[in-house]
Amino acid sequence: MMEVQILQDRAAVAAQAAQIVAAQIAQKPDCVLGLPTGETPIGMYDDLAEQCAAGKLDFSRVTTFNLDEYYPIAPEHPQSYRYFMNKHLFTRVNIPMEHTHVPGGQGDVDEQCRAYEQAIAAAGGIDLQVLGIGRNGHIGFNEPNDAPDARTHRVTLTENTIEANSRFFDSPDDVPRHAVTMGLGTILDARKILLLATGAEKFDAVHKLLAGKVDLSCPASVLLRHENVTILCDRAAFEGV
């Protein structure tokens, strides 16, 4: 079942997403969350951090697994996703750092990917997976026409994705050409999925997803195979203006 909620703006999406994540933690204090990076979830992380600071939310038993990481990149690099998560969420809530997991951006990729899958399984699987969506419909760093049953693996980023992410780096040449990502099969194993889409640039990807047909040119369309998906769109992403 896919539920679609159209909300007024980015702030409304962030508030609703935070409410859904907080409800998951309240329901199961030792839950396992799958988390994204990027501009879209920052407001959600701000809201969750504020709730935690106010004593309304307890992350002490929560475990997290992030979707992806650039490769190669050091965790202390300001554009690494480990750095992003520490800045926007992990250091702002009472989660033990050893409960947080981000794919490795250095070293033996194949071994780290196997270890990441094993760690997710050992944690009992992901209860709620939060996703963003790329302009080309990618989720995580699963680019168009990636295998629908793939597990955590290294990918080559498309020029579309490199261009979209280049604004975070000093120049496009500085953007890593590879990444490590949960595969589409890993994502689909989550018990519940929450996808966030904000901004008019996401209009095409959102409507390919909502067309109701699995088409791997839009990787997010594999979510149609999942039984519990909620999509939060702002009006810009849904209407294209």
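Student: What volume does the largest pocket have?
Tutor: The largest pocket has a volume of about 730 Å³. On a 1 Å grid over the protein atoms alone, a pocket is an open set of points with protein on both sides within 12 Å along at least five of seven lines. Its volume is the space filled by probe spheres set on the points, which are joined across faces, edges and corners; the probe is 1.4 Å.

Student: Which residues are the closest to its centre?
Tutor: T37, G38, E39, N165 and F168, out of 38 lining residues. A lining residue has an atom within 4 Å of a point.

Student: Which elements give two or more residues to that lining?
Tutor: β4 (68-71), α3 (81-88) and α5 (159-165). The largest share comes from α3, with five residues. Helices (H or I, at least four residues) and strands (E, at least two) are DSSP runs, numbered from the N terminus.

Student: How does the lining divide into nonpolar, polar and charged?
Tutor: There are 15 nonpolar, 15 polar and eight charged residues. Ala, Val, Leu, Ile, Met, Phe, Trp, Tyr, Cys and Pro count as nonpolar, Asp, Glu, Lys and Arg as charged, and the others, Gly among them, as polar.

Student: Where do the coordinates and numbering come from?
Tutor: This is a predicted model, where local features need pLDDT of at least 70, side-chain atom pairs count only at pLDDT 80 or more, and totals for chains, interfaces and linings use all residues. Residues are numbered from 1 along each chain as its sequence is written, and side-chain values use heavy atoms, with hydrogens and water left out.

Student: New topic. Why is β10 largely enclosed?
Tutor: Six of the six residues of β10 (residues 229-234) are buried, so the rest of the structure largely encloses the strand. Buried means under 20% relative accessible area (1.4 Å probe, protein chains only).

Student: Which way do its residues point?
Tutor: V229, I231 and C233 go one way, T230, L232 and D234 the other.

Student: Which strands pair with β10?
Tutor: β1 (residues 2-7) pairs with β10 in the parallel sense over six bridges, with I6 opposite C233. β9 (residues 192-197) is also parallel to β10, over five bridges. There L195 faces I231, and I193 has V229 as its bridge partner. Pairing takes at least two DSSP bridges between two strands.

Student: And β9, how many of its residues are buried?
Tutor: Five of six. β9 also pairs with β6 (residues 128-131), parallel, over four bridges; L131 stands opposite L195.

Terms used:
Buried < 20%, exposed > 50% of the residue type's maximum accessible area, 1.4 Å probe, protein only.
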